[in-house]
There are 4 protein chains.
Amino acid sequence: MSVEPLRVGILGATGAVGQRFVALLQSHPWFEIRRLMASERSVGKTYGDAVQWHLPGPIAPGLLEMPVTACHPDGGVLDLVFSGLPASDAVTIEPLFADHDIPVVSNTRSFRMDPKVPLVIPEVNAGHLDILPEQQAVCHRRGFIVTNPNCSTIALTLALDPLHRRFGVRKVLVSTAQAVSGAGYPGLSVMSMLDNAIPYISGEEPKLESEPRKIFGKREPDGIVPADMCISACCTRIAVRDGHLMHVSMTLDGRPGRDEIIACWDDYRSDIHDMDLPMKPARSVEYTDIPDRPQPYLDRDRGRGMTVTVGRLRECPVLGWKCVVLSHNTIRGAAGGAILVAELLVRKGILPLAPGSR
Amino acid sequence: MSVEPLRVGILGATGAVGQRFVALLQSHPWFEIRRLMASERSVGKTYGDAVQWHLPGPIAPGLLEMPVTACHPDGGVLDLVFSGLPASDAVTIEPLFADHDIPVVSNTRSFRMDPKVPLVIPEVNAGHLDILPEQQAVCHRRGFIVTNPNCSTIALTLALDPLHRRFGVRKVLVSTAQAVSGAGYPGLSVMSMLDNAIPYISGEEPKLESEPRKIFGKREPDGIVPADMCISACCTRIAVRDGHLMHVSMTLDGRPGRDEIIACWDDYRSDIHDMDLPMKPARSVEYTDIPDRPQPYLDRDRGRGMTVTVGRLRECPVLGWKCVVLSHNTIRGAAGGAILVAELLVRKGILPLAPGSR
Amino acid sequence: MSVEPLRVGILGATGAVGQRFVALLQSHPWFEIRRLMASERSVGKTYGDAVQWHLPGPIAPGLLEMPVTACHPDGGVLDLVFSGLPASDAVTIEPLFADHDIPVVSNTRSFRMDPKVPLVIPEVNAGHLDILPEQQAVCHRRGFIVTNPNCSTIALTLALDPLHRRFGVRKVLVSTAQAVSGAGYPGLSVMSMLDNAIPYISGEEPKLESEPRKIFGKREPDGIVPADMCISACCTRIAVRDGHLMHVSMTLDGRPGRDEIIACWDDYRSDIHDMDLPMKPARSVEYTDIPDRPQPYLDRDRGRGMTVTVGRLRECPVLGWKCVVLSHNTIRGAAGGAILVAELLVRKGILPLAPGSR
Amino acid sequence: MSVEPLRVGILGATGAVGQRFVALLQSHPWFEIRRLMASERSVGKTYGDAVQWHLPGPIAPGLLEMPVTACHPDGGVLDLVFSGLPASDAVTIEPLFADHDIPVVSNTRSFRMDPKVPLVIPEVNAGHLDILPEQQAVCHRRGFIVTNPNCSTIALTLALDPLHRRFGVRKVLVSTAQAVSGAGYPGLSVMSMLDNAIPYISGEEPKLESEPRKIFGKREPDGIVPADMCISACCTRIAVRDGHLMHVSMTLDGRPGRDEIIACWDDYRSDIHDMDLPMKPARSVEYTDIPDRPQPYLDRDRGRGMTVTVGRLRECPVLGWKCVVLSHNTIRGAAGGAILVAELLVRKGILPLAPGSR
């Protein structure tokens with residue numbers, strides 16, 4: 001599409017999400033990795049020496065040899081950075097890049113709930129990017145920060161979007177079984193997870209109870225008004241490498257029948273339905289009627305990890321309907337989702353920033 | 001207590017639940033294993049040869065050498081049999097024993113919802129044993145069948161009982177993460193569970209939605225009237241050996257505060273509170289305030305596997321309150337629970353049947 | 001290459017190895033799946049209904065709808081069948097196909113040690129296919145059986161071949177840690193493998209001690225004389241999905257230095273070095289100097305699962321040298337290896353059988 | 001035995017080995033925990049607050065409330081300390097205690113190969129404690145350091161001892177599959193171990209190749225002369241919680257038959273055969289003839305974790321004989337083994353040091 005690929009940097013390039021960014025961007029048609037940035041510990045080493053690579057499949061030789069640099073805007077022109085930083089670092093580093101007119105697409109939680117920062121799932125709320133000019137104006141900069149939701153939020157919100165558009169979702173009770181890759185690397189000790197599960201993930205339940213409301217929120221003159229939706233989340237960590245699984249019970253407006261609901265997923269027309277974006281899967285949400293699916297091992301890679309799989313729709317005696325949702329947490333739920341946001345920015349003409357703008 | 005131990009048999013003695021019966025009964029002060037019964041495949045072998053033992057710890061030498069016999073009442077006097085049979089066999093074999101005046105304490109689902117058959121958790125509804133005379137009368141026999149609930153039902157119902165006694169529980173949404181031992185042996189393939197989870201367990205959700213209502217039901221002249229409680233269950237199998245974990249959201253009558261609810265668990269006076277029974281744990285339900293507990297590996301053996309652990313009580317935006325519950329599924333949730341029922345029968349004088357009665 | 005793809009059938013198409021055959025052949029440039037054959041239980045169903053698919057990634061729609069037929073040569077012309085049958089079935093079914101002039105490339109153990117049947121790893125002993133005319137003559141048929149070695153044998157033999165060509169390998173002591181997929185589906189119970197390992201695999205050690213000697217054997221006028229090599233094998237099953245890992249200690253002729261040995265792997269010129277075969281990986285054996293590699297999760301997919309990875313070469317105080325070997329057991333070690341054999345048969349002009357020959 | 005229990009301290013009390021010391025000592029008849037010592041991070045907290053307890057089963061209330069103190073000899077009389085320190089700390093802290101006349105039984109590698117320090121498995125080389133007076137003399141102190149071997153060494157050496165006494169073991173090739181608890185807590189990331197194995201454990205192979213030679217060494221006037229035994233070790237980490245499994249191939253002097261070898265294990269008379277020591281299992285080594293045993297999950301707890309299980313004795317085409325060995329790595333292989341050493345010191349009258357000696 002764009003004649004010349006955009007020059008991108010990765011913040012937190014050696015971490016778990018950073019590695020996924022590298023794996024997905026190393027052969028991306030629109031983006032070219034120009035800078036790999038990480039903490040002091042890694043600076044000065046080549047990426048190959050600095051990273052404890054834990055994905056199957058090789059790193060491109062050119063990247064293996066690329067020197068890791070500090071997380072600082074200096075050091076050569078970049079059209080965009082992707083951030084997989086820890087939240088404690090992101091809070092100061094991401095604005096630094098934006099202030100230097102380098103747009104940031106962030107997978108970190110730090111600015112997700114900031115009213116000036118769009119929290120975007122391209123299929124669901126592409127329109128929320130409209131608040132970027134306000135962010136640029138208020139912050140007196142051409143750069144900006146766009147955020148990607150929490151991995152579980154993405155799965156839940158994408159699964160609900162087709163129903164919410166059609167019927168309105170009022171109450172949601174979601175119980176997750178989340179993969180260990182969500183805790184990063186090294187993350188959890190094998191001593192904690194072998195023959196075990198942990199019914200608590202720090203900070204996860206509040207995110208899952210608030211982020212979807214912002215994403216489903218309405219663009220009003222003075223910002224985004226959170227959707228009127230009541231969500232309760234229960235989060236558990238289980239010994240699965242990738243793929244967050246969740247049971248969702250919900251109350252819909254109206255009294256739709258089972259076939260009508262499944263038709264929503266089958267016929268889903270998202271905000272990017274007609275766009276041609278490299279990371280966009282053939283289907284963003286897919287309903288399966290196999291009785292014991294979706295399952296992490298079998299379904300997480302559907303649509304190259306970008307498709308959310310839904311199954312087991314049945315009546316819920318308490319809330320109305322219930323179903324099972326699965327999504328790849330480090331592709332759709334993190335790096336892949338963020339790249340899709342960046343592609344949308346390109347398609348909308350927001351990226352690259354106009355020449356002379358920096 | 002009883003001068004002479006009761007002579008017990010085990011139906012399905014080589015299976016997963018049968019092995020737990022053997023492990024727990026081989027040194028029981030009141031019961032003595034006199035017969036090990038299994039399917040044709042095992043009959044004629046010694047128990048040591050017939051069983052694929054998968055519990056750590058040894059089998060008593062006397063049992064290793066005991067010949068396995070067919071699942072038939074003939075073959076020597078028994079005061080009681082415990083049944084760990086598959087449901088398809090239990091439906092004919094268990095009544096056969098009862099008809100031969102041998103009481104059956106069954107861990108199988110076959111007769112749980114039969115109105116003449118008590119479905120008992122000793123702490124919760126010891127009084128339901130009162131319907132046994134009706135069963136004996138209707139079936140024209142001195143023998144009888146008493147059943148133990150499903151493993152998940154036991155965990156949920158015990159956790160709710162202290163709250164239900166005090167406040168009344170109206171709505172429950174429970175989402176489980178269940179151990180693989182619940183599927184028996186060989187049960188699930190390692191190919192299905194390694195780096196995976198399965199959000200479906202055949203028949204489990206209906207049991208969990210109906211059994212607690214019978215257990216909490218009221219003894220009326222014409223039988224037990226199910227409690228007015230609405231339950232929705234979502235069941236997932238995870239790669240944990242023992243210990244079912246569940247997130248429970250619930251609506252209570254009244255508007256109790258957090259401390260009041262925790263006090264219910266701390267001060268729980270169950271139906272067997274004052275009884276001295278060998279399998280009864282020091283505490284049937286225990287609340288922990290460690291933020292990431294209960295966990296299967298760390299908490300399943302609490303009270304020698306007979307204590308249900310509850311944690312993480314917090315407000316649920318949708319239903320009112322939510323918490324986490326854990327219980328050992330093959331001890332409290334199967335063999336241990338059934339043995340506790342048998343102990344209650346002894347303590348109440350129902351077992352052994354009066355001499356001359358057979 | 002061949003103008004028209006060969007028409008192939010798969011014996012045991014619903015099993016673990018059969019599924020790998022389907023996955024690898026559904027987009028193969030030379031072979032086209034024409035028949036899916038399995039046991040009585042599956043006959044009459046579509047493949048989609050008959051198979052319990054346990055690989056990630058989809059089955060081609062055309063195959064999903066293909067009816068499963070019995071394991072019998074009737075039912076339409078085939079140029080070749082791949083067999084993933086259990087040994088007990090293979091012993092009668094495979095000769096039946098050969099007798100009907102349908103060549104069989106078998107992954108089953110039944111005929112591996114038969115002196116008339118080549119046991120082939122294309123890189124190592126392509127020349128052993130020369131005994132096929134003798135097999136055809138002795139058996140009075142145009143069809144034939146060629147076999148693929150045991151999964152562990154393939155890994156070991158490929159790793160040793162470069163050293164054996166250059167120095168001669170005299171003694172080998174190999175200790176394996178093998179993946180559960182090697183036991184098929186359902187294969188092993190999760191109850192047997194969770195938090196456990198089993199230091200015994202039925203029949204595996206004898207295969208690993210004898211098959212490499214036949215593969216390294218010399219073609220003499222009266223058959224293949226096994227190599228003069230003494231092998232001792234110790235086999236363990238561990239909770240890994242795919243990828244057999246092995247520690248190998250060995251005595252080489254001469255007194256090569258470490259660099260010389262590594263150079264053998266780096267410069268390996270196999271029997272198919274100059275051939276262009278679709279399943280052939282860029283490198284059949286690859287040495288890594290990362291200290292804690294190879295590892296199953298990180299290295300099994302190297303070369304699309306067809307590359308054997310070797311690492312940790314160091315002196316062995318007892319036998320001389322030791323190293324670590326890893327190979328994907330169901331791709332290189334089973335279906336992929338068998339397909340490579342079939343490709344070699346095509347390249348050598350042995351397949352398809354000359355027209356009129358059937 | 002001793003009228004008054006010895007007052008013991010634990011160095012590194014919050015670590016993985018330290019927790020095992022606490023678990024095993026909290027109800028020990030001869031030893032009473034008087035001090036729990038750990039790094040600065042924990043000092044000042046109660047043990048309950050400082051420790052991330054990862055063993056099932058509770059900590060005694062008295063210990064939960066005990067304040068953690070620094071690793072320093074001041075702070076009240078101790079008869080003995082057990083050390084589970086990291087090697088980097090042990091190298092300075094352990095001598096400090098010995099210099100203050102507090103004997104140290106250490107599970108750390110730091111001083112194992114020191115010629116003045118006994119490296120002891122009570123069953124195998126109780127006599128090596130005779131070099132303690134030399135250590136005391138050379139170091140000018142009444143205190144001393146005694147060490148416990150590496151966890152794998154203990155399993156291997158105990159399994160070989162009965163054969164070495166009778167026949168002499170000349171060559172050993174051992175390949176291990178080791179549990180993750182050996183790496184401590186947090187130790188290995190679950191990302192590294194899930195669906196994976198690592199064929200490398202830093203420092204492990206050299207220990208396993210050298211320590212048994214010292215343990216089997218002969219007490220000569222000028223020290224202990226290592227046994228003339230050639231050992232090669234290959235070490236792999238697998239996803240098992242506890243229990244190191246190993247395949248052992250060996251060359252024995254003479255030409256014993258299979259029954260003779262098994263008889264060595266059955267009739268083993270160790271150095272402590274006639275002693276009554278609380279941690280001593282009924283059998284230190286036990287041979288099983290079940291074909292697929294020993295297995296970590298099923299056999300690690302044999303003899304309360306203190307029995308080494310041997311199985312699968314068969315001929316090795318390369319070295320003569322081979323078998324499988326299993327031992328609980330954090331009980332027999334660490335804390336339990338060290339406690340047994342301390343018990344031997346008491347039984348031999350070496351502990352407590354004579355009054356007035358400090």
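**Paired copies and an open parallel sheet**

Chain B can be laid on chain A with an RMSD of 0.0 Å, by a turn of 180° and a shift of 0.0 Å along the axis. The two copies are thus related as by a two-fold rotation axis. Superposition was by least squares on the C-alpha atoms of residues with pLDDT of at least 70 in both copies. The structure is a predicted model, in which local features need pLDDT of at least 70, side-chain atom pairs count only at pLDDT 80 or more, and totals for chains, interfaces and linings use all residues. Residues are numbered from 1 along each chain as its sequence is written, while chains are lettered from A and ligands numbered from 1 in the order in which they are written.

The same surface serves both copies: 100% of the contact residues of chain B recur in chain A. Contact means that the C-beta atoms of two residues, placed from the backbone, lie within 7 Å. By this criterion, 35 residues of chain B touch 35 residues of chain A. Several elements give two or more residues to this side of chain B, among them β7 (169-178), β11 (244-252) and α11 (296-299) of chain B. Helices (H or I, at least four residues) and strands (E, at least two) are DSSP runs, numbered from the N terminus. The largest share, five residues, comes from β10(B). The side of chain B that touches chain A divides into 21 nonpolar, seven polar and seven charged residues. Here Ala, Val, Leu, Ile, Met, Phe, Trp, Tyr, Cys and Pro count as nonpolar, Asp, Glu, Lys and Arg as charged, and the others, Gly among them, as polar.

A second pair was also compared. Chain D can be laid on chain B by a turn of 180° and a shift of 0.0 Å along the axis, with an RMSD of 0.0 Å. In chain D, the C-alpha nearest the axis belongs to D:Asp195, 3.3 Å from it. The copies meet through the same surface, because 100% of the interface residues of chain D are also interface residues in chain B.

Chain C holds an open sheet of six strands, with parallel pairing and the order β3-β2-β1-β4-β5-β6. Two strands pair if DSSP finds at least two bridges between them. The edge strands, β3 (68-69) and β6 (145-147) of chain C, each pair on one side only. Three bridges join β4 (residues 80-83) to β5 (residues 104-106) of chain C. In β5(C), C:Val104 is the bridge partner of C:Val81. Helix α12 (residues 331-347) of chain C packs on the sheet and touches β4, β5 and β6 of chain C.

Notes:
Axes are lines fitted to C-alpha atoms, for helices over the stretch in contact, and angles run from 0 to 180 degrees between N-to-C directions.
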